[in-house]
Amino acid sequence: LRRLDARGDRCTTETVISQLKHPDAGVRESALKALEATCIKGDSDTIMGVVEHLSDVADEVKRTALEALRLVAPLGDDLAVSLTAANLQSSSPAVRRWSVEALL
């Protein structure tokens, strides 16, 4: 997907978003990374797709979602900031660290 000039293509974005529900954490993580390359910053469907994975069961998916959110949500987006901040309460030190990094 990174080689395609697909940024902003609705069909591509929807296809990638559909993979966020895949049962395999690796596929979800790959889809989040692909969204960074295909969406238009501020697209509400993309932001919601990423936000849903801030509470994923797999920590690496959470990390990728936090990284992706920085790239897909506008700076200071209220929803992105509040949900990222909520991860500061995680029992996982790594998730807390990634959340701090995402808020910077």
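Biologist: Hi! What should I know about the model before I start?

Modeller: It is predicted, so local features need pLDDT of at least 70 and side-chain atom pairs count only at pLDDT 80 or more, while totals for chains, interfaces and linings use all residues. Residues are numbered from 1 along each chain as its sequence is written, and side-chain values use heavy atoms, with hydrogens and water left out.

Biologist: Great. How do α3 and α4 cross?

Modeller: The axes of α3 (residues 44–51) and α4 (residues 59–72) come within 9 Å and cross at roughly 160 degrees. Helices here are DSSP runs (H or I, at least four residues), numbered from the N terminus. Axes are lines fitted to C-alpha atoms over the stretch in contact, with angles from 0 to 180 degrees between N-to-C directions.

Biologist: So are α3 and α4 roughly parallel or antiparallel?

Modeller: Roughly antiparallel; angles over 145 degrees count as that, and those under 35 as roughly parallel. The contact (heavy atoms within 4.5 Å) is made by Thr 46, Ile 47, Val 50 and Val 51 of α3 with Ala 65, Ala 68, Leu 69 and Val 72 of α4.

Biologist: What classes do those residues of α3 and α4 divide into?

Modeller: Seven are nonpolar, one is polar and none is charged. In this scheme Ala, Val, Leu, Ile, Met, Phe, Trp, Tyr, Cys and Pro are nonpolar, Asp, Glu, Lys and Arg are charged, and the others, Gly among them, are polar.

Biologist: Which residues of α3 are buried?

Modeller: Thr 46, Ile 47, Gly 49, Val 50 and Val 51. Buried means under 20% relative accessible area, exposed over 50%, and partly exposed in between, using a 1.4 Å probe and protein chains only. What covers the buried residues of α3 includes α1 (10–18), α2, α4 and α5 (78–86).

Biologist: Where is Asp 43, and what is it in contact with?

Modeller: Asp 43 sits in the loop between α2 (25–38) and α3. Leaving aside neighbours within four places in sequence, Asp 43 is in contact with Arg 10, Thr 13 and Val 72. Asp 43 and Pro 74 are 31 residues apart in sequence, yet 9.2 Å apart in space, C-alpha to C-alpha.

Biologist: Back to α4. How does α4 lie against α6?

Modeller: Their axes come within 9 Å and cross at roughly 5 degrees, which makes α4 roughly parallel to α6. By class, the contact of α4 with α6 has four nonpolar, one polar and six charged residues.

Biologist: New topic: how many salt bridges are there?

Modeller: Six, taking a salt bridge as a side-chain nitrogen of Lys or Arg within 4 Å of a carboxyl oxygen of Asp or Glu. Among them, Glu 29 pairs with Lys 33, with the closest N and O atoms 3.7 Å apart. Both lie in helix α2, four residues apart, about one turn of the helix.

Biologist: Is Glu 29 buried or exposed?

Modeller: Glu 29 is buried, at 18% relative accessible area, whereas Lys 33 is partly exposed at 35%.

Biologist: What does Lys 62 pair with?

Modeller: Lys 62 forms a salt bridge with Asp 59, their closest N and O atoms being 3.7 Å apart. Lys 62 is buried at 14% relative accessibility, and Asp 59 is partly exposed at 32%.

Biologist: And Glu 101?

Modeller: Glu 101 has a salt bridge with Arg 97, again with closest N and O atoms 3.7 Å apart. Glu 101 is partly exposed at 39%, and Arg 97 is partly exposed at 45%.

Terms used: Helices (H or I, at least four residues) and strands (E, at least two) are DSSP runs, numbered from the N terminus. Angles under 35 degrees count as roughly parallel, over 145 as roughly antiparallel, 65 to 115 as roughly perpendicular and the rest as oblique.
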